[in-house]
Amino acid sequence: MPHGRPTGWAEVRSAVIDCTVLAVAYLITYLLVTRLLSRLYFVSKADDLLGGMWAMIATVFVNRDSYQQSLAAAASRMAATSISFVICFVYLLFLPFHTWALPVLIGISALAVTLLGRPQDAITAAITTAVVMVVVAVSPAQAWQQPILRFADTVIGVAVGITAAWIGLRVIRPRIERSS
């Protein structure tokens with residue numbers, strides 16, 4: 001979507017179509033996680049809903065003004081989520097949630113992506129770690145599954161987001177621009 005306020009009807013029409021593509025992508029993401037995937041693995045209704053929300057956030061995260069920017073955002077999201085996944089998974093295999101562990105794991109996640117040469121992903125890794133650990137605090141049964149579930153949700157959200165970006169930016173937008 002172009003930066004700034006639309007100045008003409010062609011830009012308004014383009015913005016409406018871009019936002020419609022995104023809205024459909026969010027719906028598809030949510031339904032994939034809450035309806036389809038819930039049949040593949042058995043988790044609580046709360047986990048289904050959380051997974052749908054987390055996947056939609058990933059879809060939102062990767063949608064940018066260009067397809068290249070969307071691909072870069074997808075790589076960023078997956079790098080940060082992967083680091084967070086490993087750190088939370090290893091911790092939760094051996095230890096339950098502890099209040100002290102939350103800031104420690106957030107700090108380790110941010111430090112890990114920074115040391116791996118992706119300091120721009122530190123915030124996303126920290127947010128992902130915070131979400132996983134707080135979900136574990138709320139629902140501690142089988143805590144080790146949460147990193148796996150949130151990783152799967154992110155993969156789905158990123159995949160749908162990239163597909164929507166490709167459709168919107170490479171298929172629909174060029175047709176709109178030709179007809180304007």
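Student: Is serine 84 buried or exposed?
Tutor: In this predicted model, serine 84 is buried, with a relative accessible area of 1%.

Student: Where is serine 84 placed?
Tutor: Serine 84 is in helix H3.

Student: And what does serine 84 touch, leaving out residues up to four places away in sequence?
Tutor: Serine 84 touches Ser109, Ala125, Thr128 and Thr129.

Student: What about valine 136, buried or exposed?
Tutor: Valine 136 is buried, also listed with a relative accessible area of 1%. Valine 136 belongs to helix H5.

Student: Which residues does valine 136 touch, again not counting those up to four places away?
Tutor: Leu92, Phe97, Ala143 and Gln146 are the ones valine 136 touches. For glutamine 146, the C-alpha atom is 6.9 Å from that of valine 136, and the two residues are 10 residues apart along the chain.

Student: OK, on to the core. Which residues touch the most other members of the largest nonpolar core?
Tutor: Cys88, Tyr91, Leu92, Leu105, Val113 and Met133 do, in a core of 16 residues.

Student: Which helices each supply at least two residues of this core?
Tutor: Helix H3 (67-94), helix H4 (101-115) and helix H5 (122-138) do. H3 gives the most, with 6 residues.

Student: What is valine 113 in contact with, leaving aside neighbours within four places in sequence?
Tutor: Valine 113 is in contact with Ala80, Ile83, Arg118, Pro119, Asp121, Ala122 and Ala125.

Student: How many residues are in the second core?
Tutor: The second core is separate and has 9 residues, including Tyr67, Ala74, Met78 and Ala165.

Student: Switching to the surface. Which residues form the nonpolar patch there?
Tutor: The patch is formed by Val86, Val90, Leu93, Phe94, Leu95, Trp100, Val104, Ile108, Trp144 and Ile148. Together these residues have about 950 Å² of accessible area.

Student: Which elements give two or more residues to the patch?
Tutor: H3 and H4. The largest share comes from H3, with 4 residues.

Student: Where does tryptophan 144 lie?
Tutor: Tryptophan 144 lies in the loop between H5 and helix H6 (145-179). Tryptophan 144 is partly exposed, because its relative accessible area of 38% falls between the limits of 20% for buried and 50% for exposed.

Student: Now the rings. How many aromatic pairs are there?
Tutor: The count comes to 3 aromatic pairs. One of them is phenylalanine 85 with phenylalanine 89, a stacked pair with 5.6 Å centre to centre and 15° between the planes.

Student: How are phenylalanine 85 and phenylalanine 89 separated in helix H3?
Tutor: They are 4 residues apart in helix H3, so about one helical turn separates phenylalanine 85 from phenylalanine 89.

Student: What is the relative accessible area of phenylalanine 85?
Tutor: Phenylalanine 85 has 24% and is partly exposed. Phenylalanine 89, at 21%, also counts as partly exposed.

Student: Why is the pair of tyrosine 91 and tryptophan 100 edge-to-face?
Tutor: The pair is edge-to-face because the planes are at 85°, and the cut-off is over 60 degrees. The ring centres of tyrosine 91 and tryptophan 100 are 6.4 Å apart.

Student: Is tyrosine 91 buried or exposed?
Tutor: Tyrosine 91 is buried, with a relative accessible area of 10%.

Student: Last one. Which residues do ring pairs link into a cluster?
Tutor: Phe85, Phe89 and Phe151 are linked into a cluster by ring pairs.

Technical notes:
Residues are numbered from 1 along each chain as its sequence is written. This is a predicted model: local features need pLDDT of at least 70, side-chain atom pairs count only at pLDDT 80 or more; totals for chains, interfaces and linings use all residues. Side-chain values use heavy atoms; hydrogens and water are left out. A nonpolar core is a set of buried Ala, Val, Leu, Ile, Met, Phe, Trp, Tyr and Cys residues joined through side-chain atoms within 4.5 Å. Buried means under 20% relative accessible area, exposed over 50%, partly exposed in between (1.4 Å probe, protein chains only). Contact means heavy atoms within 4.5 Å. Patches are made of residues with over 30% relative accessible area and no salt bridge: like charges are joined within 9 Å, nonpolar side chains (Val, Leu, Ile, Met, Phe, Trp, Tyr) within 5 Å. Accessible areas come from the Shrake-Rupley method with a 1.4 Å probe; for residues, only the protein chains shown count as cover. A salt bridge is a side-chain nitrogen of Lys or Arg within 4 Å of a carboxyl oxygen of Asp or Glu. Rings of Phe, Tyr and Trp (its six-membered ring) pair if their centres lie within 6.5 Å; planes under 30 degrees apart count as stacked, over 60 as edge-to-face and the rest as tilted.
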